[in-house]
Amino acid sequence: PVSMEQARVWYGRAAEQGDAKAQCNLAIVHANGEGGPVSMEQARVWYERAAEQGLAQAQFNLALLHENGQGGPVSMEQARVWYGRAAEQGYAEAQCNLAIMHYSGEGGPVSMDQARVWCGRAAEQGHAQAQYNLAFMHKKGEGGPVSLEHAMFWFKRAAAQGDNTAMQIVQQAESTCLSCGKRRASGENMKSCSGCKCAIYCSKG
């Protein structure tokens, strides 16, 4: 039979010997109260030990604790640091969150360029929120040039994963110009909007 109490004991023994995965798992059981009481303080301690050894999952989870003030004080600066380290290892959720911090200026300066870069990396890995955010940045020209074609590409990718807002935008774009909002006449299927003359009229293709 499964025994979370015994799991916590053995994770603890391996963690004390420096095993990064065990340290991360020990942090998880402390955070979830599995096999013993909840202790966000201990969760933060063990996530930090695993994170310092380079474990991306621990780096991401440690960043969340710093961002939300769990197990210790809020530190947006530390959250940004640890999201960054996990992001550099290809952790898609960390890449998306790092992009948001660059966009909003949390934990450091605003950088639209970096926001677009990290959104792009997460989006390429299939992260739906990053795909939506990247589409929005292409539409608005944030962190790079306006590209309605790229915006629609990423809105469609996010919509395909069930993002409700992206689904609404894609549906609306079948009859409305993404750039100026001009409605297409019945049966009209143009690549160039007659209203704003934008290069793409958001056809179904």
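Of the 205 residues in the protein chain, 42% are buried (under 20% relative accessible area, with a 1.4 Å probe and protein chains only). The accessible surface of this chain comes to about 10,500 Å², and 50% of that area belongs to carbon and sulfur atoms (areas by the Shrake-Rupley method with a 1.4 Å probe). The model is a predicted one, in which local features need pLDDT of at least 70 and side-chain atom pairs count only at pLDDT 80 or more, while totals for chains, interfaces and linings use all residues. Residues are numbered from 1 along each chain as its sequence is written, and side-chain values use heavy atoms, with hydrogens and water left out.

The protein chain holds 10 helices and zero strands (DSSP runs numbered from the N terminus: H or I of at least four residues for helices, E of at least two for strands). Among its contacts with a separation of 6 or more, 42% join residues 24 or more positions apart (contact means heavy atoms within 4.5 Å).

Helix α9 (residues 148-160) packs with helix α10 (residues 164-173) at an angle of about 125°, and their axes are 8 Å apart (axes are lines fitted to C-alpha atoms over the stretch in contact, and angles run from 0 to 180 degrees between N-to-C directions). That makes α9 oblique to α10, given that angles under 35 degrees count as roughly parallel, over 145 as roughly antiparallel, 65 to 115 as roughly perpendicular and the rest as oblique. On the α9 side, M152, F155, K156, A158 and A159 meet A166, M167, I169, V170 and A173 of α10.

Conventions:
Buried < 20%, exposed > 50% of the residue type's maximum accessible area, 1.4 Å probe, protein only.
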